[in-house]
Structures are given as structure tokens and as C-alpha cells.
Amino acid sequence: MEAADYEVLSVREQLFHERVRECIISTLLFATLYILCHIALTRFKKPTEFTTVDDEDATVNKIVLELCTFTLAVALGAVLLLPFSIIGNEVLLSLPRNYYIQWLNGSLIHGLWNLVFLFSNLSLIFLMPFAYFFTESEGFAGSRKGVLGRVYETVVMLMLLTLLVLGIVWVASAIVDNNKASRESLYDFWEYYLPYLYSCISFLGVLLLLVCTPLGLARMFSVTGKLLVKPRLLEDLEEQLYCSAFEEAALTRRICNPTSCWLPLDMELVHRQVLALQTQRVLLEKRRKASAWQRNLGYPLAMLFLLVLTGLSVLIVAIHILELLIDEAAMPRGMQGTSLGQVSFSKLGSFGAVIQVVLIFYLMVSSVVGFYSSPLFRGLWPRWHDTAMTQIIGNCVCLLVLSSALPVFSRTLGLTRFDLLGDFGRFNWLGNFYIVFLYNAAFAGLTTLCLVKTFTAAVRAELIRAFGLDRLPLPVSGFPRASRKTQHQ
């Protein structure tokens with residue numbers, strides 16, 4: 001063989017080893033996420049649904065739990081996708097010739113983006129509908145009972161649902177873009193139909209983030225305040241402990257002497273109230289034993305940290321709005337190449353990249369808090385060892401919709417300059433200036449409105465509680481206080 005042939009074989013062998021290495025790394029990363037999600041879901045599932053007398057229902061629930069674990073792992077991977085890419089780019093930029101990070105390259109990161117896009121499509125369009133229909137199925141009438149019969153019914157229902165969704169998407173595409181070329185492109189199921197359908201789902205996820213994130217940013221202060229120990233100026237733990245012990249003693253007397261009360265008692269409800277009060281008293285005892293540093297320094301620092309992150313997010317979005325009016329390059333777009341490690345995507349270098357990652361995680365946590373705080377989705381809140389299987393499916397779907405829209409959400413708001421990779425940058429609405437501009441303006445306006453409303457109400461309530469004004473006997477509206485002469489009479 002000639003030297004040129006040896007060079008071709010060596011290049012092919014090197015490419016083969018790189019692809020194998022990327023597959024191994026991707027598999028290890030996904031396996032880690034899968035194990036973590038499986039541990040989390042087993043903490044929330046109902047144990048009675050997996051230890052039933054009917055082995056068929058238990059088997060179905062186990063299969064559905066694995067599908068939910070896969071979906072939740074994809075959702076977690078979508079959350080970590082953009083931060084991992086930003087940090088990876090900075091590492092390649094800082095250590096371009098380091099031997100120990102040769103495995104980190106643009107091809108690996110681009111492949112991870114494609115895998116997340118593929119698995120998100122698979123989970124949202126096929127796996128989660130299959131899981132829901134599988135739990136609700138009982139098999140066709142007259143057919144043989146068993147898991148296989150339920151699989152047949154689920155597949156038929158899934159095919160009918162797929163035809164319905166495909167028809168709706170085709171009609172919607174014809175209405176929005178009445179072009180023969182665009183309609184013919186939808187006949188290509190893999191290259192155009194699924195990305196178009198996922199683009200619609202991602203747009204709904206971005207709209208959901210627009211509503212939930214400002215609400216969550218406002219709620220983060222109250223949620224953090226419940227987890228941390230406030231200074232003694234802002235709360236009286238002794239009084240709360242006294243009230244909790246008094247209520248618990250009163251309920252215990254009702255349980256011991258149920259006939260002493262002339263009203264009928266729901267003993268199960270009373271027992272639950274006693275357990276809740278006991279749990280509350282234990283938490284209050286732990287908070288009372290907190291150190292002075294934790295009480296007087298931890299709470300103010302946490303509130304200041306949240307305030308800085310929230311203000312920085314709004315400031316970045318405001319600057320991005322101005323950039324959209326001046327520079328066309330501020331529009332979100334997709335990155336076609338896989339070359340990374342050549343230029344930093346932050347003007348502050350590695351420090352700016354760390355700030356971007358922190359803000360992305362902060363906004364994702366805030367969106368989840370806002371999602372479960374909204375009245376429409378409050379019923380989906382999972383309970384410890386008491387979450388039904390259908391509720392777990394609903395939580396996994398909602399979290400996947402939110403997390404898969406996070407890269408587009410972050411790039412649309414200008415939180416990062418890292419362009420979208422793979423099919424994430426092919427969404428048609430990303431090139432519409434009016435949609436992007438109005439989205440940024442709506443986010444800045446809603447966040448500012450929620451923060452102003454929450455802070456004014458919270459500060460007013462804390463000041464009233466700190467000075468003891470909440471204990472004053474204020475007169476009821478419409479009924480003035482009696483005069484001293486009347487009282488003496």
C-alpha cells in the first residue's frame with residue numbers, strides 16, 4: 001500500500017476512535033442522569049401502586065416509571081446543556097493543548113445538542129403519550145387480558161393521536177404559511193415535520209417560561225425566607241412554638257375525649273393536623289437552635305444574593321432590548337459549525353461565563369417555583385411517597401417542556417451569546433424581530449411589576465410584624481369604636 005492509503009486509513013481510524021469516545025462519554029453522562037432521576041422518582045411514587053395484588057398493574061406501573069425516568073433524565077440534560085457548552089467553550093479557550101481535556105471538543109458538544117433534541121422529540125411525542133395511555137388501558141373488549149393486550153390498545157390509541165396531531169400541524173402550517181413549498185416540506189416526516197412540531201412545542205414552552213419566571217422570581221424571596229432562619233427582629237420563634245404546642249395539646253385532648261365535643265369530629269383529619277403540627281414544632285425547634293451567625297448573617301446575605309441576581313437579569317434583558325434596536329447580530333440564531341474554543345461568548349471572559357451559567361440556573365429554578373406556584377398547575381405538586389402515576393407523567397411532561405425551552409429562552413433574552421446548536425437554531429420564529437423584541441419587553445415589564453408588587457407588600461408586612469402593629473385591636477370598617485362615656489355606662 002502507498003503512503004497516501006496509510007494516511008487515509010489512519011484518518012479513518014482516528015475518526016472512528018473519536019466517535020466511539022463520544023458515544024462512551026454521552027452514554028456515561030446519560031446513565032448518571034438516569035440514575036439520579038430514578039432515585040428522585042422512587043421518593044415520590046406511591047408504594048401501593050407497585051405492590052398491588054394484581055401483578056399486571058404493578059408491571060405496567062414499573063414500565064411507565066422507567067419511561068418517566070427517561071423523560072426526566074432528558075429534561076435534566078436539557079437544563080445542563082447550555083451551561084455545559086458555555087463552560088466547555090471557556091475551558092477549551094483557556095487550555096487549548098491540555099492532554100487531559102482532549103475528549104472535550106466541538107463535535108462532542110454538538111452531538112449532545114442533537115441527542116437532547118432527538119430524545120426530547122421522542123419523549124414528548126411518543127413516550128409520554130404512550131405512558132399515559134398505557135396506565136389507562138385495560139385491553140380491547142373480548143381480547144385476552146394481560147400486559148400484551150394493554151400494549152395493543154395503547155399502540156392503537158397512540159396511532160390515532162399521531163394522525164390527529166399530524167393533521168392539526170399540517171393545517172396550522174397551511175394557515176400560517178400558505179406556500180406550496182412549505183406544505184410539501186411537511187411530507188418529509190423526519191427532516192421537517194418533527195422539527196416543525198417541536199418548534200411549536202418549544203414556542204409554547206418559551207411562552208410558559210415568560211409567565212412562570214417573573215412569578216417565580218418574586219416567589220423566590222418568600223420561599224428562601226421559609227427555608228432560612230430570619231433574624232429575631234423579623235420573627236418571634238418562641239411565640240410560634242408556644243402557639244404550635246397549644247394547638248397540638250388542644251387537638252390531642254379532642255382525640256382523647258371525642259365525646260366532650262357536641263360537634264361530630266373527623267378523626268382522620270384531626271390526626272393529620274396533629275402530625276402536621278408536630279412536624280412544624282420540630283422544624284421550629286431546629287430553627288431556634290440555629291447559631292447567631294446563621295440567623296443574623298445567612299438570611300440577609302441570601303436575600304441580597306437573590307436581589308442582585310434578579311436585578312442583574314433585568315439589567316441584561318434591558319441592555320439586550322437596546323441592542324436589538326441597534327445591531328442585527330443581537331438576534332438569536334443557530335450555529336452551523338462545530339468549532340468551539342476560539343472566542344469567548346462573554347465580554348468579561350471566564351468570569352462573565354460563570355455569571356451566565358449562574359443566571360441560567362437561577363432563572364430555571366425560578367421558573368419551576370413559579371410554575372408550581374401558579375393556580376393552574378398547583379395541583380401537580382408532587383408529594384413525598386404519595387404521588388399517583390398519572391401525576392408523575394404530568395410533572396415529567398411539564399418539566400421537559402420547560403427545560404427544553406431553556407436554551408432558546410436564555411438566548412432570546414440575551415443572557416448568553418452562545419448561539420444555538422443543532423436543530424434548536426432552526427425554529428422559524430427566532431428570526432422574527434417583532435416576536436423577539438416583544439418577548440424581551442414583556443419579560444422585563446412582568447419581572448419588574450412582580451418584584452415591585454412583592455417587595456412593597458413584603459416590606460410593609462415585615463415592618464408591621466416587627467413593630468407589633470399586627471397585634472393592635474384595629475376597628476372594623478363601618479363600625480367605629482365606642483366612646484369612653486359609652487364604655488363606662
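Colleague: Glu-22 and Arg-19 sit in helix α1 (residues 3-44); about how many helical turns separate them?

Modeller: About one, because Glu-22 and Arg-19 are 3 residues apart in α1. Helices here are DSSP runs of H or I with at least four residues, numbered from the N terminus. This is a predicted model, where local features need pLDDT of at least 70, side-chain atom pairs count only at 80 or more, and totals for chains, interfaces and linings use all residues. Residues count from 1 along each chain as its sequence is written, and side-chain values use heavy atoms, with hydrogens and water left out.

Colleague: What do Glu-22 and Arg-19 form?

Modeller: Side chains of opposite charge can pair when their charged atoms come close. Here Glu-22 and Arg-19 form a salt bridge, with 3.9 Å between the closest N and O atoms; the term means a Lys or Arg side-chain nitrogen within 4 Å of an Asp or Glu carboxyl oxygen. The structure holds 1 salt bridge.

Colleague: And how do I read helix packing?

Modeller: Two packed helices are described by the angle between their axes and the distance between the axes. Axes are lines fitted to C-alpha atoms over the stretch in contact, and angles run from 0 to 180 degrees between N-to-C directions. For α2 (residues 55-94) and α10 (residues 350-373), the angle is about 175 degrees and the axes are 10 Å apart. That makes the pair roughly antiparallel (over 145 degrees).

Colleague: Which residues of α2 make the contact?

Modeller: Among them are Val-79, Leu-80 and Ile-86, while the α10 side includes Val-357 and Phe-361. Contact means heavy atoms within 4.5 Å.

Methods:
Helix = DSSP H or I, 4+ residues; strand = E, 2+ residues; numbered from the N terminus. Parallel < 35°, antiparallel > 145°, perpendicular 65-115°, else oblique.
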